[in-house]
Structure formats: structure tokens, C-alpha cells
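Please read them alongside the coordinates.

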Amino acid sequence: MDYQTLRKRIIDIIADIAIDEDVSNLDDNIRLREQLDLDSMDFLDVVMELKKRYKIEVPTEDYMKLATLKSCIEYLGPKFAFSS
Amino acid sequence: MSSNQNIRVVITGVGLTAPNANNLKEFRDALLAQKSGITQMEVRYMGKVAVGNCNFDETLYQKKKMRRRGTRAGSISIYCAHEALLDSGLSLDSLVKNRTGIYLGITEHGNVETENEIYELHENKLDVSLWSHHHNPRTVANTPAGEVSLNTGITGPAYTIGAACAAGNIGIIHGMQMLQLNEVDLALAGGVSESTGTFGIFAGFKSQGALGAHEDPTRASRPLDINRNGIVVSEGGAVFVLERLEDALKRGAKIYGEIAGYHINSDAVDFVLPDTQRQIECMNAAMAKANIKADDVDIVNLHATGTTSGDINECEAIKGVFGQSESTYINCTKGFIGHAMGAAGALELAGNLPSFTDNKIHSCKHIENVDPQCDMKNLVNGDPVEKEVKFILSNSFGMLGINSVLIIKKYYK
């Protein structure tokens, strides 16, 4: 799956969770928590949506890999390839 | 009687949402104009059912994300609490947050969330790893009050009081008691309900033969009517700002009324069926606390839900207590808004409060054929009655035999 497709899938999930915020201009390299009002429950929501929508599992010890959009894409890319 | 019970407590703000209104003025106008809020809704597994749903703006005081994280009951509570504070002339910034309490009566909480999660669980082929991490915080019984605390930053006590359909009155009683004990200086007190979000409550009443129905949903809730066939389930909320009188006077607050008396007791008879004698005792005890007699009471607001036996029991109790009073008028509210469960007592009180200023007693939603066993002297059935009102007595009775009576009096300087 290419970078932009993967990026869109992740942003679609974040948009549903950070529902009051504008996600159209996110910087891939800055921590998501610095750009959006996201707390630990929101990150659990992200992990849950990845599982519900794409059957992708993210173990607890890997949560810090979801810190930026870039790190999400790098981490989740292989998992998407495997699940599709 | 302890000396604390001599501390006078008044109502200085009202915030509400009902199936026919989203603030006190709209509610009062709707009741005076015979406007019902009952509609029909498709309920999971049940088909179309008569229901009372509210239509307030959930985003007025709450971000969408927090609404999504929380519950409908929490959303209703937040709306009503903010509206009550606005109405009382108090800004959030002016509150002493650790001296403000939130006391909300509920019949139940958590059923909506649990039913939905069970439904999703089956949709997900019993994969429990998809069970929501929000489930536990959404289902603890204090959630509606806790959500108000989170939303407003209020750090005083915030919890709910479970008292079945008597909970709305008891939330107010409890708030008053906490003020009298000097636990807080301001109480946001009342009752809320999100019950229409479950199918279980509808199915339960249906199995009991107690679910109100009519092809015209505005006629499905018919307390005291010979053709009544049960309860219309509603959601809603009413939150009152309560203060000690001296504090209200110090800040020049508008005063809706003063809490004059109350009583809470239990039937100890049946899970579901009410007891006339205990209801009589409860009303008499409340009037004793208020130091008044039956003919001092201008309005009695019935609990009357539209069940065959419940309405009869209550009317017998009313006749027992008020049968000799020429000056007491009887009304009920559930014909307009259905049974708002934990919010019922609080909403029904709110509907009558403006009587102190507009000198009218609102009618029941017009009862076409009053059951002879429910007919009472001075039942207001049709046009509002013009009368100066000094005392309102409001009944709320609940399952497992809990009874509550609240008496509010017109405030005089």
C-alpha cells in the first residue's frame, strides 16, 4: 500500500476521534499530541479502530510508535500489507 | 427535627430538557397550550413505539469528542446544569468549585451502553477484544454527575442517587440536605434519564403489560383515562440551582421558590405494585415537615404514569389526604411528556413552579374519559385554573416501593 493511501486511512480514523478539530493540515513529522487535543483514551480509540476496520493488532509496547503520522505509517505499513 | 433542618433553601435557577421543551419558559408554555412531546420511534427488536425524546443542542456546552466518549445521560446533565447556572445568573468562573455539589437522581444508568456493547459483540462474532474500553467509565452509576464535573471543572461532590422513579425529587431533597449540612454552598440538583436509548425498558414494560400505546402517539400516555394502557418511556433532565436563602439574598438572586417540606419512605410490599397507605403517610409527613395542612396545598402534582393499578392507588391516596380540601387542585404532567424516569419528579416540579408568578395551575393533558376510580375533586382537566399559588406538593413514586413527596412554597421576603 502506498504512503498516501495509508496516510489517508490513518487520518480518517483520527478525524472520527478528534471530531471537533481540523485534520486537513497535519504535519507528518510533529507529534500528533502537539497538533491535536488527544489523550490516552483517544489513542486507545485509534488502536481499537485499527482492529475493527482493518483487523490490525497494536500491542501495548508499540503504542509509542504511533506518536507521529510518519511513525504510524512506517509502523503500520507492513501490518496493512499483511492484513490485505 | 435537627437545627440544620431550619436552614432555609431556595431554588434560584432551572435548566431542563423535556420532549416538548428545552427551557422553563418553553416548557411552561407547552403545558399551558396542551402541547405533547410524544412521538414514535423504531426501537431495536420492538418495532415502532411511542416515546418521549428530547431535542436540545448537544454541542451547546459540550465538545463532540466528549459527547462521543460519554453518555446521553451525561450530555443531558451537562446541558441542564449549564442552563440552570445561566438562569441563576452565575457564571462558571464565579463558582467556588470545591464548594459546589452535583446531585442527580437516576432510575438506572449503564443499560444503554451495555445493551449496545452486547449488540456489537454479537455483530463482531463474540470477539470480546473489541469490547469498548469506554464501557466501564460509561456505566458506573455516577457517570451523569461525573460528566458534569469533568465538563465544568466542579471539584465538589458529584454523584447520582438511585431511587427509581422517585429519583428526581430525591436528587433535589439530597441537594437541599447537603446545603443544610454545610457540605457545599451551591447545589446543582435534580434528575436525568437516557432511558429511551435502551430497548430493554420498553420490552420490560411490554412484558408486564404496562407499555403505553396508541396509533396517535400524543395519546399514548393517558394517566387517569379509563382507556389508559401503560407507560410511555421518555428521556429528559431538570437541574435546579439550590442555595441557602442567606446566600441567595446576599447576591440578589432571583428566587423561584423555597423548599418547604419533603418526605421519603418505602412501601415494603411489592417489587412493582404501589401501596396507598404508605403514599398517604408520605404526603402527611411531608406536610408536617412543612408545617401545613392539606387545604394549604394549592397544587398536587400526581406521579400518575398511566398504569391501570398505579393511577388508582395514587388517586385513592390523594382522596384520603385531600378529599376534604376545597382549595387543592390536582394536575399531572406525564400525559404531555411521558414518564421521564429519573428526571420525572424534577421536570414535573419545574412545570408547576411558574405558578407562583403567573397564578395559573396547568391542566393535565386533556383526559377524554376520566376513570371513575381516578376521579377527584378539582382535577384540572382542560383549561388552566386561575388561582394564587402558595404551596405545590409534588409526588414521585418508584419501583421497589420508594415514595417521595416534595413541597415547594412561594418565597416571601
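1. In chain B, B:Glu42 sits opposite B:Lys48 of strand 3. The model is predicted, and the pairing here is that of strand 2 (residues 38–43) with strand 3 (residues 47–52), antiparallel and joined by six bridges. Three residues lie between the strands of this hairpin, and B:Tyr45 takes a positive phi near 70 degrees.

2. Strand 3 of chain B has a further partner to record: two bridges join it to strand 7 (residues 233–234) of chain B, and this pair runs parallel. Within the pairing, B:Gly52 stands opposite B:Ser234 of strand 7.

3. Chain B also holds an open sheet of 10 strands with mixed pairing, in the order 5-4-6-8-1-9-15-14-10-11. Its edges are strand 5 (158–162) and strand 11 (329–331) of chain B, each of which pairs on one side only. On average, and ignoring direction, neighbouring strands of the sheet are turned by 25 degrees against each other.

4. Inside that order, strand 1 (residues 9–17) and strand 9 (residues 257–266) of chain B run antiparallel and are joined by two bridges. B:Ile11 stands opposite B:Gly257 of strand 9. In general, side chains in a regular strand alternate between the two faces of the sheet.

5. Which helix lies across strand 1, strand 4 (100–106), strand 5 and strand 6 (186–193) of chain B? That is helix 7 (residues 167–180) of chain B, which also lies across strand 8 (236–244), strand 9, strand 14 (391–398) and strand 15 (402–409). The angle between helix 7 and strand 6 of chain B is about 165 degrees.

6. The largest nonpolar core has 105 residues, and those touching the most other members are B:Ala238, B:Phe240, B:Leu347, B:Ala350 and B:Ile407. Helix 3 (residues 72–88) of chain B gives the largest share of this core, eight residues. Leaving aside residues up to four places away in sequence, B:Phe240 touches B:Ile11, B:Gly13, B:Val14, B:Ala84, B:Ile172, B:Ala189 and B:Gly190. Another core, of 15 residues, lies apart from the largest one and includes A:Ile14, A:Leu26, A:Ile73 and A:Leu76.

7. Helix 13 (residues 344–352) of chain B is mostly covered, with nine of its nine residues buried. Among them are B:Leu347 and B:Ala350, together with B:Glu348 and B:Asn352. B:Leu347 and B:Ala350 have already been named for their contacts in the largest nonpolar core.

8. B:Tyr256 is in the loop between helix 9 (245–250) and strand 9 of chain B.

9. B:Asn23 is in the loop between strand 1 and helix 1 (24–32) of chain B. This residue has 19 other C-beta atoms within 10 Å and is therefore partly exposed; burial would take 20 or more. Not counting residues up to four places away in sequence, B:Asn23 touches B:Leu16 and B:Glu83. B:Asn23 and B:Gln177 are 154 residues apart along the chain, and their C-alpha atoms are separated by 26 Å.

10. Chain A has four helices and zero strands, in the pattern α-α-α-α along the sequence. Its radius of gyration is 12 Å, close to the 12 Å that the globule rule gives for 84 residues, so chain A is as compact as a globular protein of that length. The C-alpha trace spans about 30 × 25 × 20 Å along its principal axes.

11. Of the 84 residues in chain A, 19% are buried. Among contacts in chain A with a separation of 6 or more, 60% come from residues 24 or more positions apart.

How values were computed
Residues are numbered from 1 along each chain as its sequence is written. Chains are lettered from A and ligands numbered from 1 in the order in which they are written. This is a predicted model: local features need pLDDT of at least 70, side-chain atom pairs count only at pLDDT 80 or more; totals for chains, interfaces and linings use all residues. Two strands pair if DSSP finds at least two bridges between them. Axes are lines fitted to C-alpha atoms, for helices over the stretch in contact, and angles run from 0 to 180 degrees between N-to-C directions. Two residues are in contact if their C-beta atoms, placed from the backbone, lie within 7 Å. The radius of gyration is taken over C-alpha atoms; the globule rule is 2.2 Å times the number of residues to the power 0.38. A residue is buried if 20 or more other C-beta atoms lie within 10 Å of its own, exposed if 12 or fewer, and partly exposed in between; C-beta atoms are placed from the backbone. A nonpolar core is a set of buried Ala, Val, Leu, Ile, Met, Phe, Trp, Tyr and Cys residues joined through C-beta atoms within 7 Å.
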